[in-house]
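Work through the exercises below with the model open beside you. Try each task before you read its solution.

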Amino acid sequence: MNANATSLRDTLIEGFRYDAWANARWDAVLAEWPNETAHRWRLHLANAKRTWLTRFDGQDHTERSETEVDAAWIAVVAELDLDEALEYRTLSGVPFTQPNHEIVRHVINHGTYHRGQLRMLAEIDGIAWPETDLIFFSREQSAR
């Protein structure tokens, strides 16, 4: 698809596909790596996606697999008025109102941030890490 013709909605949906792809690569590493901090960060990533999704659709996602949560995010973004604002409270109870597109971008970026932390821990522990930069996802998608 021509990058100039790509809508914000398409870009955000692709962002969730990228996020799922990158998390799956880290999950393969984490299955063999007993670093407690790394596992806590990965769990935090999954739980944050569930929390934000619940703020959008009002459903409890605690028992859903991450694959189901990723699919639900894509479905929400496909129908979401991206310019509309969401009123929500942080986990500590502070109220905020922000445009939906900002929140959705935050959720995708949040994964990138914490995967960077995982890479740092892997390097410290001498563990081989997966390449999960967006460009690697894009190259793999283009090769299909």
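## Exercise 1: H1 against H4

The axes of helix H1 (residues 8–30) and helix H4 (residues 100–125) come within 10 Å and cross at roughly 25 degrees. This is a predicted model.

**Task.** Is H1 roughly parallel or roughly antiparallel to H4? Then find the residues in H1 and H4 that meet.

**Solution.** 

Step 1. Take the angle: roughly 25 degrees. Angles under 35 degrees count as roughly parallel. H1 is therefore roughly parallel to H4.

Step 2. Check the hand. H1 passes H4 in a left-handed crossing.

Step 3. Find the residues. H1 brings Leu8, Leu12, Gly15, Phe16, Tyr18, Asp19, Ala22, Asn23 and Trp26. They meet His101, Val104, Arg105, Val107, Ile108, Gly111, Thr112, Arg115, Leu118, Arg119 and Ala122 in H4.

Step 4. Sort them by class. The contact of H1 with H4 has eleven nonpolar, five polar and four charged residues.

## Exercise 2: H1 against H2

**Task.** At what angle do H1 and H2 pack, and how far apart are their axes? Name the relation between their directions.

**Solution.** 

Step 1. Read the geometry. H1 and helix H2 (residues 36–57) pack at an angle of about 150 degrees, and their axes are 11 Å apart.

Step 2. Apply the cut-off. Angles over 145 degrees count as roughly antiparallel. So H1 and H2 are roughly antiparallel to each other.

Step 3. The crossing of H1 past H2 is left-handed.

Step 4. List the contact. H1 supplies Asp19, Asn23, Asp27 and Leu30, while H2 supplies Ala38, His39, Arg42, Leu45 and Lys49. By class, that is three nonpolar, two polar and four charged residues.

## Exercise 3: H2 against H3

**Task.** At what angle do the axes of H2 and H3 cross? Which residues of H2 and H3 meet?

**Solution.** 

Step 1. Find the angle. H2 and helix H3 (residues 66–79) have axes that cross at roughly 40 degrees and come within 10 Å.

Step 2. Note the hand. H2 passes H3 in a left-handed crossing.

Step 3. Pick out the partners. In H2 they are Arg42, Ala46, Lys49, Arg50, Trp52, Leu53 and Phe56. In H3 they are Glu66, Val69, Asp70, Ala72, Trp73 and Val76.

Step 4. Count by class. The contact of H2 with H3 has eight nonpolar, no polar and five charged residues.

## Exercise 4: The hairpin

**Task.** In which sense do strands E1 and E2 pair? Which residue in the hairpin takes a positive phi?

**Solution.** 

Step 1. Locate the strands. E1 covers residues 85–89 and E2 covers residues 95–99. They pair in the antiparallel sense over five bridges.

Step 2. Arg89 stands opposite Pro95 in E2.

Step 3. Look between the strands. The hairpin has five residues there, and Gly93 takes a positive phi near 95 degrees.

## Exercise 5: Two residues compared

**Task.** Ala48 is found in helix H2, and Phe96 lies in strand E2. Is Ala48 buried or exposed? What is the relative accessible area of Phe96?

**Solution.** 

Step 1. Start with Ala48. Its relative accessible area is 15%. Buried means under 20%, so Ala48 is buried.

Step 2. Turn to Phe96. Its relative accessible area is 40%, so Phe96 is partly exposed.

Step 3. Find the contacts of Phe96. Leaving aside neighbours within four places in sequence, Phe96 is in contact with Leu86, Glu87, Tyr88 and Thr90.

Key. Residues numbered from 1 in each chain as written. Predicted model: local features only at pLDDT ≥ 70, side-chain atom pairs only at ≥ 80, totals over all residues. Heavy atoms only, no water. Axes fitted to C-alpha atoms, helices over the stretch in contact; angles between N-to-C directions. Helix = DSSP H or I, 4+ residues; strand = E, 2+ residues; numbered from the N terminus. Parallel < 35°, antiparallel > 145°, perpendicular 65-115°, else oblique. Left-handed = near helix turned anticlockwise from the far one by under 90°. Contact = heavy atoms within 4.5 Å. Nonpolar A, V, L, I, M, F, W, Y, C, P; charged D, E, K, R; others polar. Pairing = 2+ DSSP bridges. Buried < 20%, exposed > 50% of the residue type's maximum accessible area, 1.4 Å probe, protein only.
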